[in-house]
Amino acid sequence: MSAVAPLIPARHKDVNRAKVCDDNFVEFVGQWSGTPSRKPSPDAPVLPGSLCSARDFIELFESQLISRHLDLMARVLRVQQKVFYTIGSSGHEGNAMIARLTRHTDPAFLHYRSGGFMAERFRKLPGMDPIMDSALSFAASKDDPISGGRHKVWGSKPLWVLPQTSTIASHLPKALGTAVAIEQAKRIGHELPIPEDSIAICSFGDASANHATAQTAFNTAAWTAYQKLPAPVLYVCEDNGIGISVKTPTGWIANSFQHRDGLDYFYADGLDIAGGYEQVARAVHHCRSTRRPTFLHLRTTRIMGHAGTDFEIEWRSFEELMAVEAGDPLLRSAAIALQSGVLTRDELLALYETTRKKCFAAAEEADRRPKLDSLAEVIAPLAPYTPDKVAAEAARTGYDEKRLAVFGSAEKLPEKLPPRHLAIQINNALHDLFAKYPESLLFGEDVAQKGGVYTVTKGLQKAFKGARVFNTLLDETMILGLAQGFANMGMLPLPEIQYLAYFHNACDQIRGEACSLQFFSNGQYRNPMVMRIASLGYQRGFGGHFHNDNSITALRDIPGLVVGCPSRGDDAATMLRTMMALAKVDGRVCAYLEPIALYMTKDLYETGDGQWLTSYPAPDQAMVLGEERVYFPEARDLVIFSFGNGVPMSLRAAREIEKAQGWKVRVVDLRWLQPLNTEAIARHAGECARILVVDEGRRSAGVGEGVITAVVEAGQGAKPLRRVVGVDTYTPLAGAAFLVIPSDADIVAMAGELARGR
Ligand SMILES: Cc1ncc(C[n+]2csc(CCOP(=O)(O)OP(=O)(O)O)c2C)c(N)n1
Ligand SMILES: [Mg+2]
């Protein structure tokens, strides 16, 4: 033990920094010795020269206190297992100003330190209770009005706060997408669910601003503004100078954003309501009136650590911690309250303690409320499906005039024309669906004038104009962010990803964001979309891995995502109709995989036989989700399960197998790859003597594994069964590609093995 007296009083050395901050506040107010001014009238400036009135201030201060006491409560009750989340808002409570200066109909995508913002936004509608609603979320009670107990999120349906996942920066693209959508709606005559002059608000931390997903959103915002296109997004960077334990270099945010063309920079002091209010007001006004992307650099600090589990004293000095804590914005607000005469010391302390009591009482009440206690409840909002409504919507007609206008005349309607190949029928289906859904939009790289790399979208822009069919900048994350934005505003987006290989770098926009929205909002928000992806291998003449990627694995394990892959033109049309209906009716996110190598395929068995051409199904025809196509249903010696390119290959191989083995072969085109129709798989496996799975994807984690599992789980695993699959490798260029993916001959050979009992 050192004989020297510690420089820092023992109380301040407490490992429990929440308690230190709490005590600091009480001590600060108790010891305040200034001379208060005469209490201002509610409409008078809280301090001379401030734009913030006394009324504004006192409500903002109350919101700050609610936020703070929710944090303090969480730290105490987490230990008692009554609260399950401790990432707090302490030091960031100034974000309440943004809520006050915007409307409850401005869609908000919030940083996890948004307690102040939320408490303030709750004031915008009568009869709402920020404390109880938040407490229910902290307690993971199924009465939590936003997530139904699935996660502690900041969110509210009536208040237009869309809940976020905890992946930092992933919400920035969709916030911009929402801003663009607000403007685009006017151009396509879509009625918005919010006022036309709304802005999208999006907050995040200073470390998060460096993330690739954030940077692409900033870049796209600037790219949009550069073309003089409106994008009213208010990006709020809550700069506390640190990300968990990594300090942001001093001045980095200002340096990096102050002079960014197309992203108008504003600074506000989030630690000081009296001064910061006007600065925030200026930024909000700029964004709303100019409709330009606006970057608000909000000064904050972070007290009480990153989360309850972050014992800062283990990696920071007490001196440093105390310096940070001295900058607590609540101390500044308390000083303003006392100095302005808005509150006396006693009133302030009473307000502080009453707010504490309310938060604890709400938390105790929340703890008594029911939790999610059945699996069915947990997953209820994940993947809603109302089959009858979807079927009716998919087959809905009644837009004949529009069809005639699009296709030219009754004789030119695609169902009246001779059979055509896949690309043409997808193109026809898109024209049809654009006539059916005036709120649909298609966008991606090269999709407009060029009509896509494979001309699948050719003519669509001409027919439906640039507001509905347009090229984006080259960034898949942003394409999918835009899609979410349009969907948030009630439109029906069809984003295109140029190649499957390029989906992967933007996967989180579907995995972490789009597919999670219904789950984390308990079905209250939805972002329906049909994502088209040119996919799979077997291209001749345009080779290499990245144009022939055959991995569907990354899509198949995304909860709630529907994945389909048509192998022929008629199925492509009916599947697309069903996906649009799934999006429209049940808000689903769908991935529509277009096998590139089959786009132009006309023949099946021999050159010129035209057997892979199909007639266009009339618009009242649709495919049921999960329904397979069966070739030779009477055959029972062997069933081949396949999809995509594997279907025509299996059909050709079936002929050879019949010749070689004398077997009648059934071929099942699964068509829907997620969810897999395990019942149908079990049925066909049960009816046939042998089973082959032809999966052009890779051996590991591919669709084939799912099919075999379904077969085995259905009790059919004792039957002879084999897989013909791609190799676990990248696809090489030119002819070598065909060494790593299944061929007709491989299927025939595998049937031979089955016959020999190997
Ligand atoms: C994509 C991603 N990477 C890492 C994390 C883990 N993580 C959570 S918060 C955080 C720091 C964020 O710092 P900042 O953006 O400054 O926000 P602050 O917590 O300081 O408010 C990190 C690394 C994450 N949530 N998401
Ligand atoms: Mg930070």
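Residues are numbered from 1 along each chain as its sequence is written, while chains are lettered from A and ligands numbered from 1 in the order in which they are written. Because the model is predicted, local features need pLDDT of at least 70 and side-chain atom pairs count only at pLDDT 80 or more, totals for chains, interfaces and linings use all residues, and side-chain values use heavy atoms, with hydrogens and water left out.

I begin with the magnesium ion, ligand 2. Its protein donors are D206 through OD, N240 through OD1 and I242 through O, at 1.9 to 2.1 Å. Donors here are N, O and S atoms within 2.8 Å of the metal (3.2 Å for Na, K and Ca); water is not among the atoms, so sites may look incomplete. The spacing of the donor residues in sequence is D-x33-N-x1-I. D206 sits in the loop between strand 2 (200–205) and helix 7 (212–226), and I242 in strand 4 (residues 242–243), so this pair ties together parts 36 residues apart in sequence. Helices (H or I, at least four residues) and strands (E, at least two) are DSSP runs, numbered from the N terminus. Both D206 and I242 are buried, where buried means under 20% relative accessible area, exposed over 50%, and partly exposed in between, with a 1.4 Å probe and protein chains only.

Next, helix 18. D475 caps its N-terminal end, with a side-chain oxygen 3.0 Å from the backbone nitrogen of T477. After helix 18 comes G490, whose phi is positive, near 85°.

On backbone geometry, most residues other than glycine have a negative phi, and most peptide bonds are trans. I244, not a glycine, has a positive phi of about 50°; F632, also not a glycine, has one of about 55°. F632 is partly exposed, at 36% relative accessible area. Q674 and P675 are joined by a cis peptide bond, with omega about -5°.

Finally, the cores. A nonpolar core is a set of buried Ala, Val, Leu, Ile, Met, Phe, Trp, Tyr and Cys residues joined through side-chain atoms within 4.5 Å. The largest has 89 residues, and those with the most contacts inside it include F218, F503 and I510. Helix 6 (residues 172–188) supplies the largest share of this core, nine residues. A second, separate core of 66 residues includes W663 and W672.

Note on methods: Polar contact = N/O pair within 3.5 Å; in protein donor to acceptor, adjacent residues only side chain to side chain.
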